[in-house]
Amino acid sequence: MKFHDLLDVMGHLGKLMLENGAETYRVEDSIERVAKAYGVARVDVYAATTAIMITITTPDNRSLSRIKRIHKRSVNLDKVERLNRLCRETVSLTLDIDVVKETLKAINLRPDYSFIVDMLGYALTTSSFTLFFGGGLVDAAVSLFIGCVLKIVDTRLSKLGGNPFFITILDSASVSVLALLFLSIGAAHDLDAVIIGTIMPLVPGVALTNAVRDLMAGDLVAGQAKMTEAVLTATCIALGIGIPLSLGGTS
């Protein structure tokens with residue numbers, strides 16, 4: 001067994017899981033299970049929001065370590081599910097390391113949804129939540145349009161590589177400005193329902209859920225980091241929405 005290759009595989013697996021929105025305890029548990037499946041005498045894993053540290057002890061009592069830095073984070077539950085499936089298959093069948101490497105590469109290169117599909121998702125989400133929060137059909141139609149614009153703005157800003165919190169502020173501000181514009185021309189009737197519905201794609205629901213699950217699992221550092229990220233994102237949403245409303249004289 002080439003334990004250096006095994007370390008690379010475990011590091012790559014954990015890195016992909018964290019980058020795509022998996023919980024910290026799931027990442028640590030997956031790496032530990034894979035290591036033991038290949039006969040590692042001892043494995044110590046520490047996963048945080050921005051890094052993974054892995055140390056294994058081989059049967060001949062050698063210690064090997066790897067550190068993987070996490071530079072980006074998103075939510076892609078399709079990839080998380082495929083990584084989980086690969087982990088289970090690796091543990092139960094003890095797959096060849098080269099096969100695991102190729103599968104990890106294929107999962108990483110798996111294309112995301114197209115821009116049109118994403119825009120449709122934004123449109124349906126924003127219009128549905130506007131109806132849910134008491135808006136009428138006209139308000140839902142307005143939210144559908146704003147949702148499409150929100151996706152365009154978010155994609156353009158993300159491609160510029162700016163700070164994600166600053167991008168969230170600008171996204172929220174664009175929603176607020178458009179909602180005020182439609183209200184001023186009489187195209188929207190319930191400003192609150194339109195704004196609340198259209199900001200739902202920005203709400204850090206998955207991050208908040210993962211933070212709570214990590215805290216309950218005992219991963220206090222990772223849980224607090226994710227909770228802080230969720231709170232900061234919510235604050236940025238509030239700032240982006242509130243500034244145009246204040247300037248527009250709406251309370």
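**Salt bridges and helix packing in the predicted model**

Asp78 has a relative accessibility of 30% and therefore counts as partly exposed, since that class lies between the 20% limit for buried residues and the 50% limit for exposed ones. The value comes from a predicted model. The partner of Asp78 in a salt bridge is Arg110, with 2.8 Å between the closest N and O atoms. This pair links distant parts of the chain, as Asp78 belongs to helix H3 and Arg110 to the loop between helix H4 (97-109) and helix H5 (115-132), 32 residues apart. Arg110 has a relative accessibility of 33%, so this residue also counts as partly exposed.

The chain has 251 residues, of which 43% count as buried. Its secondary structure consists of 10 helices and three strands. In sequence order the elements follow the pattern α-α-β-β-β-α-α-α-α-α-α-α-α. Along the principal axes, the C-alpha atoms fill a box of roughly 75 × 30 × 30 Å. Of the contacts between residues at least 6 apart in sequence, 64% join residues at least 24 apart.

In total, 15 salt bridges were counted. One of them pairs Glu23 with Arg213, the closest N and O atoms being 2.7 Å apart. Here, too, distant parts of the chain are linked: Glu23 is in the loop between helix H1 (3-19) and helix H2 (24-37), Arg213 is in helix H9 (residues 205-216), and the two are 190 residues apart. The partners fall into separate accessibility classes. Glu23, at 5% relative accessibility, is under the 20% limit and so counts as buried. Arg213 has a relative accessible area of 36% and is therefore partly exposed. Arg26 joins Glu23 and Arg213 in a network of salt bridges.

A further salt bridge is formed by Glu229 and Arg73, whose closest N and O atoms are 3.6 Å apart. The two residues lie in distant parts of the chain, with Glu229 in helix H10 (residues 220-247) and Arg73 in the loop between strand E3 (63-69) and helix H3 (77-93), a separation of 156 residues. Glu229 counts as partly exposed because its relative accessibility is 23%. Arg73, with a relative accessible area of 41%, is likewise partly exposed.

Helix packing was examined for H6 and H7. The axes of helix H6 (residues 137-159) and helix H7 (residues 164-184) come within 10 Å and cross at roughly 150 degrees. Because angles over 145 degrees count as roughly antiparallel, H6 is placed in that class relative to H7. The crossing of these two helices is right-handed.

On the H6 side, the contact involves Val142, Phe145, Ile146, Val149, Leu150, Val153, Asp154, Leu157 and Ser158. These residues meet Ile167, Leu170, Asp171, Ser174, Val175, Leu178, Ala179 and Phe182 in H7. By residue type, the contact of H6 with H7 comprises 13 nonpolar, two polar and two charged residues.

Terms used: Residues numbered from 1 in each chain as written. Predicted model: local features only at pLDDT ≥ 70, side-chain atom pairs only at ≥ 80, totals over all residues. Heavy atoms only, no water. Axes fitted to C-alpha atoms, helices over the stretch in contact; angles between N-to-C directions. Helix = DSSP H or I, 4+ residues; strand = E, 2+ residues; numbered from the N terminus. Parallel < 35°, antiparallel > 145°, perpendicular 65-115°, else oblique. Left-handed = near helix turned anticlockwise from the far one by under 90°. Contact = heavy atoms within 4.5 Å. Nonpolar A, V, L, I, M, F, W, Y, C, P; charged D, E, K, R; others polar. Salt bridge = Lys/Arg side-chain N within 4 Å of Asp/Glu carboxyl O. Buried < 20%, exposed > 50% of the residue type's maximum accessible area, 1.4 Å probe, protein only.
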